[in-house]
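Here are my notes after a look through this one, written as numbered points. Keep the structure open while you read.

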Amino acid sequence: MDINDKISQILTQVEQMQAQSRDELEQLRIHYLGKKGEITALFDEFRTLSKEQKAEIGASLNALKNLTANKLQEMRAGYDEQQAAENKLDLTRSAEPIALGTRHPLSLVKEEIIDIFSRVGFTVEEGPEVEDDKHVFGMLNFAPEHPARDMQDTFFVEKEEGVQKPTDILLRTHTSSVQTRVMTTQKPPIRVLCPGRVYRNEAISARAHCFFHQIEGLYIDKNVSFADLRQVLLYFAKEMFGEDTKIRLRPSYFPFTEPSAEMDISCNICGGTGCGFCKGTGWVEILGCGMVDPNVLEACGIDSKEYTGYAFGLGVERITNLKYRVKDLRLFSENDVRFLRQFSAC
Ligand code: DAH
């Protein structure tokens, strides 16, 4: 077939060409005008022709190329118009709903506790989660061989990779460590709340987790007594769980307080008559507390003859469970929106 025939054959094809989609259109462009396209090939062939032949064919070959390019351009414009019509803004359409986040229940309860204590003069202090032995145990009067220092209970931070112990850097096991930081840097009177995350080497289950949240309270001044401690805790219990809430303090032991106690509140689920939650006793334990041990005051550079103080520590998860009846601790850290959404109105 000579080049003239080829030109007229392609011309007929181009005049009839149609595309069902943008993709097809692009295929057509490649087919005729692409690097290896049919019209491009004709131009290659054209280059091999004699001068006379070139003069004869040049115009029709160029015309074919232009026609093809124009036709493709027209078809593309048709698609663009169609697309613009499809994309046209519908200003009457109602807005897409914006998904709002919710406060985490632990944050809600933490804020509420801080709010209650701030009304009686407590301010907030925070301390590091990666701590040293001195601030978590030593200055808090823990004996050198105390089991809390054991690797079974505490996460130690490796100073060098693979070298686990001995190291005195660890993840704090309680927020009582912030007490020692505050007492060494501030002068009495001190009245602080120290909220934060704590870590313990525990197997994760519905009732235990390797991290949880505590709030520590500390009040140091002249003449602070156990009666002051009891009064502030009673105030807290009533504000948090309702005016009818009763408290009881049971003797206990903590290395950093003397005397020490654990506080129960009347079960807010059965009202104190006994139920599954309080195991039929009518009481649930919510915190540990006591008078700051003079050894702790002295270790922090506070004169224990001039000053006394009280401290308490409560678990935020525990209070949240009581308030919202969350039965499985793992829910707090799984980020399941079905759980979190339930607090959107709180
Ligand atoms: N640190 C204790 C714990 O993690 C809680 C605690 C008990 C804090 C008694 C105190 C306190 O300040 O006086 O179990």
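1. Start with Leu-233, which is buried, at a relative accessible area of 0%. This residue sits in helix 8. Bear in mind that the model is predicted.

2. What does Leu-233 touch, not counting residues up to four places away in sequence? Its partners are Ile-247, Met-263, Leu-287, Cys-289 and Phe-312. As a general point, nonpolar side chains tend to be buried together in soluble globular proteins.

3. On to the cores. The largest nonpolar core contains 45 residues, and those with the most contacts inside it are Ile-113, Phe-236, Ile-265, Ile-286, Tyr-310, Phe-312 and Ile-319. Elements that give two or more residues to this core are helix 5, strand 5, helix 8, strand 7, strand 8, strand 9, helix 10 and helix 11 (337–340). Helix 8 provides the largest share, 8 residues.

4. Take Ile-113 from that list. Leaving aside neighbours within four places in sequence, Ile-113 is in contact with Leu-193, Ile-215, Phe-236, Met-240, Leu-314 and Ile-319. There is also a second, separate core of 24 residues, with Phe-142, Phe-156, Val-192 and Cys-300 among them.

5. Helix 10 (residues 316–324) deserves a look too. Which of its residues are buried? They are Val-316, Glu-317, Ile-319, Thr-320, Asn-321 and Leu-322. These buried residues pack against helix 5 (105–118), strand 5 (211–221), helix 8 (226–241), strand 7 (257–266), strand 8 (283–292) and strand 9 (308–315). Arg-325 follows helix 10 and has a positive phi, near 55 degrees.

6. Now the overall shape. A compact globule of 346 residues would have a radius of gyration near 20 Å, but this protein has 39 Å. Along the principal axes, the C-alpha atoms fill a box of roughly 120 × 55 × 35 Å. For a sense of distance, Leu-233 and Ile-98 are 135 residues apart in sequence and 42 Å apart in space, C-alpha to C-alpha.

7. A few totals for the whole protein. There are 11 helices and 9 strands, and buried residues make up 40% of the 346 residues. Of the contacts between residues at least 6 apart in sequence, 65% join residues at least 24 apart.

8. Finally, surface and charge. The accessible surface comes to about 19,800 Å², with 50% of it belonging to carbon and sulfur atoms. The protein carries 42 positive and 52 negative side chains, and the centres of the two sets lie 3 Å apart.

Conventions:
Residues are numbered from 1 along each chain as its sequence is written. This is a predicted model: local features need pLDDT of at least 70, side-chain atom pairs count only at pLDDT 80 or more; totals for chains, interfaces and linings use all residues. Side-chain values use heavy atoms; hydrogens and water are left out. Helices (H or I, at least four residues) and strands (E, at least two) are DSSP runs, numbered from the N terminus. The radius of gyration is taken over C-alpha atoms; the globule rule is 2.2 Å times the number of residues to the power 0.38. Buried means under 20% relative accessible area, exposed over 50%, partly exposed in between (1.4 Å probe, protein chains only). Contact means heavy atoms within 4.5 Å. Accessible areas come from the Shrake-Rupley method with a 1.4 Å probe; for residues, only the protein chains shown count as cover. Lys and Arg count as positive and Asp and Glu as negative; His and the chain ends are not counted. The place of a charge is taken as NZ of Lys, CZ of Arg, CG of Asp or CD of Glu. A nonpolar core is a set of buried Ala, Val, Leu, Ile, Met, Phe, Trp, Tyr and Cys residues joined through side-chain atoms within 4.5 Å.
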